[in-house]
Amino acid sequence: MSKFFKRLLNDSSSSDEEERNMWFAAAIEFERQNSQGSSFGDRSSRQYRYRDRVSGHSRLLNDYFVENPVYEETLFRRRFRLSRPLFLRILHTLQQHNDYFVQRRNAANTVGLSGEQKMTAALRMLAYGMSADSLDEYVRIGDTTTIECVKRFCQGVVEIFGLEYLKSPNAADISRLLRKANQRGFPGMLGSLDCMHWAWKNCPAAYHGMYTGHVHRPTIVLEAVASYDLWIWHAFFGMTGSNNDINVLDASNLFANLQEGCGPSVNYTIMGNHYNMGYYLADELAHEFFAKKHESYRKDVERAFGVLQARFAIVRGPARFWHHEDLTFIMKACIILHNMIIEDERVDDNGLVAMASGNDDYDSLGTDDPVEVSRGPISFDHFMATNRAIRDSNTHYALRRDIIAHLWTLHKQGVIE
């Protein structure tokens, strides 16, 4: 029994027997709640564990970050999903952005967790989708601290690298994408478009109806555009799982940027007909020959989803966080890291381009006559005209007929099978 209640019960001034019995019952209930670890107990009842964070930091450095580490670069890449130089680049940038990742001493002059330990805990949770307390034995970090590391890491990655690695393609990028699409038999194609559902295990009960769709459990939708090298150029995340792909497309900013004059100005000719808007491959179509080619090239975005989920298991399994904002940061951070890994593995030591998807060479594609990307303001009339042009069904069917005829011509010439 606490000293406060003992003094209260022994106080001679408390002569009323009924009041003394009431205080005695309250003291017993208070002690019972403390002994069961109830949230009503004070924080002094929590058990303190000395984890020896310094030895955990030293072991982590000796394993991966010293000049001659225990585990070589190949194992580092397998376990962290990225190379050691990229890991250190992200860590140093995060330390400049947020001192949470800087090792400091607390008020008791005890050394805290290092940036390497915090970032390792965050990356392991993203890469393996493991529980928060599974890293305690190796990294010497508690479960609540691990969860905080994941949230701060993902938010920092989005804030620092989001503008660079989730940006729209520039003129050189569009020129390269169009050249590659023309080689594959789809002139004017800017990428493949699809949606992915991420199950939300801990969705609040009040939101179950709006987040439950055809998969019969709460999900959140990711709309993405990927190119042939698996780079994700567009990511729109957050729509409820009850929406279909068309609803998600209407709500995203993929075509809104084009309507507002921020999209690429693309000009190409198919079968003698001129078009001034690029397109994205979406769901498969009915024509048998065209459907086969369409299917094979539309696998770009499906492969991108597969690689993203293979690299970061946290987006493959059900989401266990409670807040929608946390899930948004996690998904965007994984996409940004995915693009950073593709960029990091693209160029070798000799300056040659080594694509993640094959032996394609960026230099061989060239960037001649780069496409203009308009960024300026437009009038309302131009906005409405662009909106009508995007939704024009006659242009859509005409383009599809021309692409089918173009592919059939290439097939008869023996250019494609």
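Helix packing and what surrounds it

Tutor: Helix α5 (residues 84-97) and helix α8 (residues 143-165) have axes that come within 10 Å and cross at roughly 105°. Helices here are DSSP runs of H or I with at least four residues, strands are runs of E with at least two, and both are numbered from the N terminus. Axes are lines fitted to C-alpha atoms, for helices over the stretch in contact, and angles run from 0 to 180 degrees between N-to-C directions.

The model is predicted, so local features need pLDDT of at least 70 and side-chain atom pairs count only at pLDDT 80 or more, whereas totals for chains, interfaces and linings use all residues. Residues are numbered from 1 along each chain as its sequence is written, and side-chain values use heavy atoms, with hydrogens and water left out.

On the α5 side the residues are Arg89, Ile90, Thr93, Leu94 and His97, and they meet Phe153, Gly156, Val157, Glu159, Ile160, Phe161, Glu164 and Tyr165 in α8. Contact means heavy atoms within 4.5 Å. By class, the residues of the contact of α5 with α8 are seven nonpolar, three polar and three charged. Nonpolar takes in Ala, Val, Leu, Ile, Met, Phe, Trp, Tyr, Cys and Pro; charged takes in Asp, Glu, Lys and Arg; the others, Gly among them, are polar.

Helix α8 has another packing partner in helix α6 (residues 115-128), at an angle of about 85° and with the axes 8 Å apart. That makes α6 roughly perpendicular to α8 as well. From α6, Lys118, Met119, Ala121, Ala122, Leu123, Met125 and Leu126 take part, and from α8, Thr146, Cys149, Val150, Phe153 and Cys154. The residues of the contact of α6 with α8 divide into 10 nonpolar, one polar and one charged.

Several of these names return in the largest nonpolar core, which has 69 residues; Leu82, Ile90, Leu126 and Phe153 have the most contacts inside it. A nonpolar core is a set of buried Ala, Val, Leu, Ile, Met, Phe, Trp, Tyr and Cys residues joined through side-chain atoms within 4.5 Å. Buried means under 20% relative accessible area, exposed over 50%, and partly exposed in between, with a 1.4 Å probe and protein chains only. The biggest contribution to this core comes from α14, with 12 residues. Apart from its neighbours within four places in sequence, leucine 82 is in contact with Phe76, Arg77, Phe87, Ile90, Leu123, Leu337 and Ile341. A second, separate core of 16 residues includes Leu178, Ala181, Val266 and Tyr297.

Charged pairs come next. The structure holds 12 salt bridges, each a side-chain nitrogen of Lys or Arg within 4 Å of a carboxyl oxygen of Asp or Glu. One of them joins the side chains of aspartate 326 and lysine 151, 3.6 Å from N to O. Because aspartate 326 is in helix α14 (residues 324-344) and lysine 151 in helix α8, the pair ties together parts that are 175 residues apart in sequence. Aspartate 326 is buried, at 13% relative accessible area, while lysine 151 is partly exposed at 34%.

Aspartate 300 and arginine 303 are three residues apart in helix α13, so about one helical turn separates them. Arginine 303 is partly exposed, with a relative accessible area of 34%. Elsewhere, a network of salt bridges links Arg77, Arg311 and Glu345.

Arginine 140, in the loop between α7 (136-139) and α8, has a phi near 65°, a positive value in a residue other than glycine. Arginine 140 is partly exposed, with a relative accessible area of 28%.

Terms used. Angles under 35 degrees count as roughly parallel, over 145 as roughly antiparallel, 65 to 115 as roughly perpendicular and the rest as oblique.
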